[in-house]
Amino acid sequence: MNKKSLLYAIVALAMSMLVLSCQNKENASVAEPQTEVKEEVTTVETTTADTTVSEASKNGFVVVTDVVPDAILEIRYFSTFNFMGVRVDGYNAPIAYLTKEAADSLKAVSDDVKAMGYRLKIFDAYRPQCAVDHFVRWSQEASDTLMKRYFYPDIDKPRLFEEGYIAKKSRHTCGSTIDLTLFDMNTEKEVDMGSPFDWLGEESHPDYAGVTPEQHKNRMILRDAMVRHGFRGISTEWWHFVLKNEPYPDTYFTFPIE
Ligand SMILES: [Zn+2]
C-alpha cells in the first residue's frame, strides 16, 4: 500500500466511525424519550391511585365489599348498560366506596335480609362529581338517545333535566347514599320490583299504584330493612337510600373510583 492509498484508507475509516457515532447518538436520542415517557406514565398512574386511596381513606371511606362481603356488585356506571350507554367519567373500576358509617349500617341491613334468604345487590354508591357532570353534559345532547327504549321511553330527553331526573348535584357524591336491590338466594334471581333500576318514570316511585301486590311487597321488604338500620328512602326511586346521619351532608367529593 502506497502513502496515498494509506491516507484514503485512514480518511475512509475516520468517516465511517463518524457516521457510526452519529447513528448511535440518533438511537440514543430516540431511546431516551421513550424511556422518559414510560416512566412518566407509570408515575402518573401510581400517583392517581395513591391519591384516590388516600383521599378515600383520609375521609373515612371504605370499599363496600370489605365491610359487606355478602353484597353482590353490578356497578352499572362502570359498564355501558346504563341510561347513557357509555362508561361514566370517574368510574375506573367496578367497585363501590361508601363512608365507614354508611358501610357499617349497610352490613347490618345485609345480615338482616340474609336471614330472610336475600342478599343485597348494589348498583351504585359513592359517585364522584365528574360523573354527575358527565350526566349533565349528556342530558344537554338532545340527539343522543342511544338507551331511550331501555330507560326513558316515555319521556322527552330535554325534560329529564327539567323534571329532576338529572341534576347538577347528587347526594351520592357525599358518600353515604346507595342504589340497591334484593337478590333472592332461593330463586337465584333479583327480586321483581316492578321496574328496573334507573327506570326514569313514575313506575319507579316506591308507592306507584300500578305494580302488583307482590312487587309492592318486595319494595317494602327492601325499604323496611334499610329504614331499620338508619337509612331513609325517597319518593321517586325504590332503589335509592341515604344514611340519615350522614357524616358529610354538604361535601361533594371528587376523587375517582379506582
Ligand atoms: Zn341513587
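In helix H3, the buried residues are Ala102, Ala103, Ser105, Leu106, Val109, Ser110 and Val113; buried means that 20 or more other C-beta atoms, placed from the backbone, lie within 10 Å of a residue's own. They span an arc of only 160° around the axis, and therefore sit on the same side of H3; the arc is taken over the directions from the helix axis to the C-beta atoms.

Before I continue, please note that this is a predicted model, in which local features need pLDDT of at least 70 and side-chain atom pairs count only at pLDDT 80 or more, while totals for chains, interfaces and linings use all residues. Residues are numbered from 1 along each chain as its sequence is written.

Helices are DSSP runs of H or I with at least four residues, strands are runs of E with at least two, and both are numbered from the N terminus.

I turn to H4, residues 129–139, where Ala131, Val132, Phe135 and Ser139 are buried. Viewed down the axis of H4, these fall within an arc of 100°, so they line one face of the helix.

Next, the core. A nonpolar core is a set of buried Ala, Val, Leu, Ile, Met, Phe, Trp, Tyr and Cys residues joined through C-beta atoms within 7 Å. The largest has 45 residues, of which Val64, Tyr97, Leu98 and Ile122 touch the most other members. Which element gives the most to this core? That is H3, with five residues. A second, separate core of five residues includes Phe151, Tyr165, Trp199 and Leu200.

Terms used
Buried ≥ 20, exposed ≤ 12 C-beta atoms within 10 Å, placed from the backbone.
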